[in-house]
Amino acid sequence: MPLKESEAIVLRTFPLGEGDRLVSFLDRQVGRVRGVARGARLPKSRFGSTLEMLAYIRIWYFERETRDLVRINQCELLESFMDVQRDYSSAIGFALVSEITDSVLGEREAADAQFRLILLTARAIRVHGPSQAVLAYFCLWTARLGGWLGSLDRCSRCARALQLEPAFHSAGFAELFCADCRDNWAKSISKEALSVGRTALAGTLDQLLKENPPLGPTKEILSYTLDVLERHIEKKLISRKTFETGESAIG
Ligand SMILES: [Zn+2]
């Protein structure tokens, strides 16, 4: 059983047995991995607070040839976000980021860009709170990295530019259509929402935040992107409902 050492981000953990924890984490080199942290729920556990949601850690674990679950030997905290999660709305934002990442990534598929995106998002939530713009940026880029987002610029049937008009799409489908090519039952999405999406995908999160995009269109593009992600994973995100219910408090 070789011991592996890597940087990782803790995605989600679940109680296991008497005092153990099942941990889903994103290994920076290997991708998403699941493992067992023995005794992690016992008092004075050697894991301390290293297994909190989105904790950025150094991890040592044993691969087991015959089993899917690795055995986590030791963790060291590189950056903690525990302080951020004391704020309820930030904790909901973190839950959304971790549930989405855990659901969309294949097991052991290298995902360094997603790794950097999570860190960027968690740090932005620390500074700016779980704003709609921060989460829209995270979701748009998660969908782009996964290859599930098409062009936000053109009608995918006739290639007409969509900058000056609303576009249409079927719920959960990324493909956008102009008014002439739309199906009758299609949902509309405003040109302002598409503009926020284009800004997010063309530049950095800092640039997006500097532009201070209007709340309504930002919510709209976030909702469109969450629909696309949910369709891809073929289930509803549990944390989405909590986020959207509490969003009147989250600007
Ligand atoms: Zn068209």
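Ile118 touches Ile9, Leu11, Leu26, Leu54, Val97, Thr101 and Phe138, leaving out residues up to four places away in sequence, where contact means heavy atoms within 4.5 Å. The model is a predicted one, in which local features need pLDDT of at least 70 and side-chain atom pairs count only at pLDDT 80 or more, while totals for chains, interfaces and linings use all residues. Residues are numbered from 1 along each chain as its sequence is written, and side-chain values use heavy atoms, with hydrogens and water left out.

**Nonpolar cores**

- Ile118 is one of the residues that touch the most other members of the largest nonpolar core, which has 59 residues; Ile100, Leu176, Ile189, Ile221 and Tyr224 are also in that group.
- A nonpolar core is here a set of buried Ala, Val, Leu, Ile, Met, Phe, Trp, Tyr and Cys residues joined through side-chain atoms within 4.5 Å, and buried means under 20% relative accessible area, exposed over 50%, and partly exposed in between, for a 1.4 Å probe and protein chains only.
- At least two residues of this core come from each of β1 (3-16), α1, α2 (112-128), α3 (132-146), α4 (191-202), α5 (205-210) and α6 (215-233), with helices (H or I, at least four residues) and strands (E, at least two) being DSSP runs numbered from the N terminus.
- The helix that gives the most to this core is α3, with 9 residues.
- Because domain 1 (3-79) and domain 2 (85-249) both give residues to this core, it lies between them.
- A second, separate core of 17 residues includes Ala40, Leu51, Ala55 and Val70.

**Domains**

- The protein chain is divided into domain 1 (3-79) and domain 2 (85-249), with bounds that come from an automatic or database domain assignment.
- The C-alpha centres of domain 1 and domain 2 lie 29 Å apart, and the contact takes 21 residues from domain 1 and 25 residues from domain 2.

**Strand β3 and its partners**

- Strand β3 (residues 31-37) is largely enclosed by the rest of the structure, because 6 of its 7 residues are buried.
- Strand β2 (residues 20-27) runs antiparallel to β3 and is joined to it by 7 bridges, two strands being paired if DSSP finds at least two bridges between them.
- Between β2 and β3, which form a hairpin, there are 3 residues, and across this pairing Phe25 stands opposite Val33 in β3.
- Strand β5 (residues 70-79) runs parallel to β3, with 2 bridges joining them, and here Val36 stands opposite Arg71 in β5.

**Asp27**

- Asp27 is found in strand β2 and counts as buried because its relative accessibility is 0%.
- The side chains of Asp27 and Ser6 are joined by a polar contact of 2.8 Å, a polar contact being a pair of N or O atoms within 3.5 Å, of which, within protein, one must be able to donate a hydrogen and the other to accept it, and residues adjacent in sequence count only if both atoms are side-chain atoms.
- Once neighbours within four places in sequence are left aside, Asp27 is in contact with Lys4, Ser6, Glu7, Ala8, Val33 and Tyr61.

- The 17 residues of helix α1 (residues 88-104) should span 24 Å at 1.5 Å a residue, which agrees with the 24 Å between its end C-alpha atoms; the expected span of a helix is 1.5 Å times one less than its number of residues.
- Helix α1 is mostly covered, with 14 of its 17 residues buried.
- Helix α4 has 12 residues and reaches 16 Å from its first C-alpha to its last, close to the 16 Å expected at 1.5 Å a residue.
- The buried residues in α4 include Ala193, Leu194, Val196, Gly197, Arg198, Ala200 and Leu201, and what covers the buried residues of this helix includes α3, β6 (167-169), β7 (187-189), α5 and α6.
- Ala193, with a relative accessible area of 0%, touches Pro217, Glu220 and Ile221 when residues up to four places away in sequence are not counted.
- The C-alpha atoms of Ala193 and Leu222 are separated by 8.7 Å, although these residues are 29 residues apart along the chain.

**Loop residues with positive phi**

- Most residues other than glycine have a negative phi.
- Arg108, although it is not a glycine, has a positive phi of about 55°; its place is in the loop between α1 and α2, and at 33% relative accessibility Arg108 counts as partly exposed.
- Asn212, also not a glycine, has a positive phi of about 45°; its place is in the loop between α5 and α6, and at 61% relative accessibility Asn212 counts as exposed.
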